[in-house]
Amino acid sequence: MIKNTLSRPYAKAAYKFSKKNFEVFRWYKMINFSIKIYFYIVSKNIFYLTCKKKIFENLFLKICKNNFNCYFKNFIKILFRDNVMNLLKNIKNMFYNYWKYDKKVITAIVYSKNFLSKNIINNISNFVKVNFFKKVFLKNIIDKSIIYGFIIKVNDIIFDNSFNCYLNKLKKYMLDV
């Protein structure tokens, strides 16, 4: 959750800029490429740890120079400057969500203790469709920490319909009385 909060402004800025310049798909490909290269270099721990930040940045940009345009290189320099290169995967996911949101398709993730029935999934899908005026791509993820009910997450908005939420509200109410 914190990683999403930190990566949101970068993803939003990248998406807005790429959309303005009609290069959304190209930027998405460049982000994907940079993820592969960055995490490959990081996986080689010895090199990464012994290398200074500026040298690492220059080497990274040198490796990727043919695949990046000058704007994306500046974006990468900003990520290095702010020391958030490890958030690239989150930035890519949020960038993709912004892109999908513009394409009128929204992804909703439903967390529940067990897989939900088709009827409940349809009801949730309709609920999200009515509230966001978008086509819905629904994903059901099992979370054993949920006692009963489900939690719907659409981008950064959470609809908590779990028993845990009701217990917390009851606990808060009891402490206030």
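**Loop residues with positive phi and an open mixed sheet**

At a relative accessibility of 58%, Asn-83 counts as exposed, since the cut-off for this class lies at over 50%. The model described here is a predicted one, and in it Asn-83 is placed in the loop that runs between helix 5 (70-81) and helix 6 (88-102). The backbone of Asn-83 has a phi near 60°, which is a positive value in a residue other than glycine.

A positive phi is also found at Phe-22, again a residue other than glycine, where the angle is near 55°.

The strands considered here form an open sheet of 4 strands, which are arranged in the order 2-1-3-4 and show mixed pairing. The edges of this sheet are taken by strand 2 (135-142) and strand 4 (157-162), each of which has a single partner strand, so that one side of each is left without a neighbour in the sheet. On average, and with direction ignored, neighbouring strands of the sheet are turned by 20° against each other.

Within this arrangement, strand 1 (residues 105-112) pairs with strand 2 in the parallel sense, over 8 bridges. As an individual contact of this kind, Ile-106 has Val-136 in strand 2 as its bridge partner. In general, strands of a sheet pair through backbone hydrogen bonds, in either a parallel or an antiparallel manner.

How values were computed:
Residues are numbered from 1 along each chain as its sequence is written. This is a predicted model: local features need pLDDT of at least 70, side-chain atom pairs count only at pLDDT 80 or more; totals for chains, interfaces and linings use all residues. Side-chain values use heavy atoms; hydrogens and water are left out. Helices (H or I, at least four residues) and strands (E, at least two) are DSSP runs, numbered from the N terminus. Buried means under 20% relative accessible area, exposed over 50%, partly exposed in between (1.4 Å probe, protein chains only). Two strands pair if DSSP finds at least two bridges between them. Axes are lines fitted to C-alpha atoms, for helices over the stretch in contact, and angles run from 0 to 180 degrees between N-to-C directions.
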